[in-house]
Amino acid sequence: MSLFYFVAFVAIFFALMTIFTKNPVHSVLYLVVTFFTLTVHYILLNAQFLAVVNFIVYMGAIMVLFLFVLMLLNLNEDTEPMKSNLVKIMGVIAGMCLFATLLGAFRVIEPSNEIVSGNTDIGLVKHLGNVLFNEFLLPFEISAILLLIAMIGAVLLAKKEVKEIKKV
């Protein structure tokens, strides 16, 4: 349990560093470390599939894309707009709402939940595959067909048309 609290402290620390850092590249790198600590949390919760997906998708693809875009934009302090007091007040209100939600969630949480502690196979890939391909086969197939159609549509939209030159 002490490992969980240590990783939680590291996650909160780097999440705060992501928010309060002035340099956007450093902020994205702190976000990568935060996602890594979330991957460790998934492993501690016996959810290996979510850990691998978090590691590959978020840390591998999305964060590299963020870094690439930040390097291309070449942001300077001159281009950053001044934040008005209204934006700061709205940020404080949103933070207080988040804090109230977290307090309410901590009051409801039971540390010894029978459903989670009774089934140790709940986060394993084998169990996820059995549930996905037995109980949810039709929605899985429909979503696969929908993603295939979206991919074909994206390729057709991105394809350049060949212009024919007429000789006179």
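Predicted model: local features only at pLDDT ≥ 70, side-chain atom pairs only at ≥ 80, totals over all residues.
**Entry 1: the spans**

I started with residues 28-45, where the chain is 94% helix and 0% strand, and the end C-alpha atoms are 26 Å apart. Helices here are DSSP runs of H or I with at least four residues, strands are E runs of at least two, and both are numbered from the N terminus. Residues are numbered from 1 along each chain as its sequence is written, and side-chain values use heavy atoms, with hydrogens and water left out.

I picked residues 28-45 from the UniProt record, an unreviewed entry that places "transmembrane region" at residues 6-21, 28-45, 51-73, 85-109 and 136-158. UniProt positions follow the numbering used here, feature names are shortened, and annotations may be inferred rather than shown by experiment. I also looked up residues 136-158: this span is 96% helix and 0% strand, with its end C-alpha atoms 33 Å apart.

**Entry 2: the whole protein**

How many helices and strands does the protein have? I find 7 helices and 0 strands, and from the N terminus the elements run α-α-α-α-α-α-α. Of the 168 residues, 13% are buried; buried means under 20% relative accessible area, exposed means over 50%, and partly exposed is in between (1.4 Å probe, protein chains only). I also looked at contacts (heavy atoms within 4.5 Å). Among those with a separation of 6 or more, 55% join residues 24 or more positions apart.

**Entry 3: α1 against α2**

Two packed helices are described by the angle between their axes and the distance between the axes. For α1 (residues 2-20) and α2, I get an angle of about 160° and axes 8 Å apart. The axes are lines fitted to C-alpha atoms, for helices over the stretch in contact, and angles run from 0 to 180 degrees between N-to-C directions. α1 and α2 are therefore roughly antiparallel to each other. The cut-offs: under 35 degrees is roughly parallel, over 145 roughly antiparallel, 65 to 115 roughly perpendicular, and the rest oblique.

The crossing of α1 past α2 is left-handed, meaning the near helix is turned anticlockwise from the far one by less than a right angle; clockwise would be right-handed.

Is S27 buried or exposed? S27 has a relative accessible area of 14%, so I wrote it down as buried. S27 lies in helix α2 (residues 24-44). Apart from neighbours within four places in sequence, S27 is in contact with T18 and T21. A polar atom of the S27 side chain lies 2.7 Å from the backbone oxygen of T18.

T18 is in helix α1 and counts as buried at 14% relative accessibility. Not counting residues up to four places away, T18 touches S27, Y30, L31 and T34.

T21 sits in the loop between α1 and α2. With residues up to four places away left out, T21 touches H26, S27 and Y30. I also noted that the backbone oxygen of M17 lies 2.3 Å from a polar atom of the T21 side chain.

**Entry 4: α2 against α3**

Next I checked α2 with helix α3 (residues 48-73): the angle is about 175° and the axes are 9 Å apart. That makes α2 roughly antiparallel to α3. Residues making this contact include V32, F35, F36 and T39 of α2, and L50, N54 and M59 of α3.

M59 is in helix α3 and, at 15% relative accessibility, counts as buried. Neighbours within four places aside, M59 is in contact with V32, F35, F36, T39, N54 and V64. M59 and V32 are 27 residues apart in sequence, yet 5.9 Å apart in space, C-alpha to C-alpha.

L50 also lies in helix α3, but L50 is partly exposed, with a relative accessible area of 43%. L50 and L38 are 12 residues apart along the chain, with C-alpha atoms separated by 9.8 Å.

**Entry 5: the loop residue N46**

Where is N46? I found N46 in the loop between α2 and α3, partly exposed at 25% relative accessibility. Most residues other than glycine have a negative phi. N46 has a positive phi of about 65° although it is not a glycine.

Notes: Polar contact = N/O pair within 3.5 Å; in protein donor to acceptor, adjacent residues only side chain to side chain.
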